[in-house]
Amino acid sequence: MKGIVYKSTGSWYTVKTESGEFLECRIKGKFRMKGIKSTNPIAVGDYVDYDLDETADVVTGVITNIHDRKNYIVRKSVNLSKQLHIIASNIDRLFILVTINNPVTTTSFIDRLLVTAEAYGIEAIIVFNKVDTFDEATLDEQLFLQHIYTEIGYQCIRVSAAEGKGLDKLKDLMRDKVSMFTGHSGVGKSTLVNALEPSLNLKTKQISEQHQQGQHTTTFAEMFDLSFGAKIIDTPGIRGFGIVEMEKPEIGDYFPEFFALKDQCKFNNCLHKEEPHCAIKDALDNDAIFWSRYKSYIQILDGEEEHYRTDIYADGRNQEE
């Protein structure tokens, strides 16, 4: 029997069966012995085979097989940095929720998510949320960020869950797709899902006034069927996003504006750092590539961790300056 994993709590998995019912399933121990390097061998969005276990008072299932994934989003495990954590799989569109200062979303964080989406073949769309709260300075910063990513080729939309702005556009982009919402804690993922589908009534919390950081409301990734013909995967808020499973020479390929110029570099294995006659550095000097993107690239290349509060503005300044 086949089904789709809709929720994972670490030890139990909620599977939607082919008949449309939900079944609580556990996993056979041998899955953890198959050389899977992730902390979670099964993720939300996985297609699985299962057998019924009718020995207990309540019928449950035992997952016996995981179907091949077309893609997935991974990050470094919080507790085991050498392992990866699969956030979700089989995703059509990744919506990166961005807020300017409520809480701050850094360009480094955005770029790391975009690089991961490029690496795993997932279409990424940037959603600027809480636009109803913007003052003039915040609006200028948001529009500049939108300019950067639109120039690169990413679709950007502006929404306000509180006022319902942009929701019709967002629904159109989600219809007939499996979408994943991601972003820092407090950017309004659950609030936005509630605005799209009020009957879900997901829990939400306010931003911490002292630190302007979000409080975690979603504990586990979970997929929901929406009334307008879409599926949404709601995920826990992320403080930082670690890049995994990438070799240094390939990182630049996941920056589309770098990839478009790489054949003009003198050396085929150019890392766009110290090498002479580098087309990417020339473009940077000529303002054809944005400094924030290059700084994100160097951070990832050098294996630096993303800093949640002290990172870079779109124009390359440090936030701590």
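Predicted model: local features only at pLDDT ≥ 70, side-chain atom pairs only at ≥ 80, totals over all residues.
Biologist: What makes the contact between Lys7 and Glu222 a salt bridge?

Modeller: The side chains of Lys7 and Glu222 meet at 3.8 Å, N to O, and the cut-off for a salt bridge is a Lys or Arg side-chain nitrogen within 4 Å of a carboxyl oxygen of Asp or Glu, so the pair qualifies. Lys7 lies in strand E1 and Glu222 in strand E12, residues 222-226, so the bridge ties together parts that are 215 residues apart in sequence.

Biologist: Why is Lys7 called partly exposed?

Modeller: Lys7 has 26% relative accessibility, and because buried means under 20% and exposed means over 50%, with partly exposed in between, Lys7 counts as partly exposed.

Biologist: How do you know whether Asp53 and Arg26 are buried or partly exposed?

Modeller: The relative accessible area of Asp53 is 13%, and because the cut-off for buried is under 20%, Asp53 is buried. Arg26 has a relative accessible area of 34%, which lies between the 20% and 50% limits, so Arg26 is partly exposed. The side chains of Asp53 and Arg26 meet in a salt bridge at 3.0 Å, N to O.

Biologist: What makes Glu257 and Arg293 a link between distant parts of the chain?

Modeller: The side chains of Glu257 and Arg293 meet in a salt bridge at 2.7 Å, N to O, with Glu257 in helix H6, residues 256-259, and Arg293 in helix H8, residues 291-301, 36 residues apart. Both Glu257 and Arg293 are buried. The structure holds 13 salt bridges.

Biologist: Why is H8 described as mostly covered?

Modeller: Nine of the eleven residues of H8 are buried, among them Arg293, Tyr294, Tyr297, Ile298 and Leu301. What covers the buried residues of H8 includes H1, H2, helix H5 (248-251), H6 and helix H7 (279-285). H8 is followed by Gly303, whose phi is positive, near 75°.

Biologist: What makes H1 largely enclosed by the rest of the structure?

Modeller: Eleven of the 13 residues of H1 are buried, so the helix is largely enclosed; the buried residues include Phe109, Ile110, Leu113, Leu114 and Val115.

Biologist: Which residues have the most contacts inside the largest nonpolar core, and which element supplies the largest share of it?

Modeller: The largest nonpolar core has 38 residues, and those with the most contacts inside it are Leu114, Ile126, Tyr149, Met180 and Ile233. The elements that each supply at least two residues of this core include strand E1 (2-8), helix H1 (107-119), helix H2 (136-152) and strand E11 (178-182), while the largest share, five residues, comes from H1. Apart from this core lies another, of 22 residues, among them Phe95, Ile125, Val187 and Leu202.

Biologist: What is Ile233 in contact with, once its neighbours within four places in sequence are left aside?

Modeller: The contacts of Ile233 include Val44, Ala88, Ile91, Val178, Met180, Phe181, Glu222 and Met223.

How values were computed. Residues numbered from 1 in each chain as written. Heavy atoms only, no water. Core = buried A, V, L, I, M, F, W, Y, C linked by side-chain atoms within 4.5 Å. Buried < 20%, exposed > 50% of the residue type's maximum accessible area, 1.4 Å probe, protein only. Helix = DSSP H or I, 4+ residues; strand = E, 2+ residues; numbered from the N terminus. Contact = heavy atoms within 4.5 Å.
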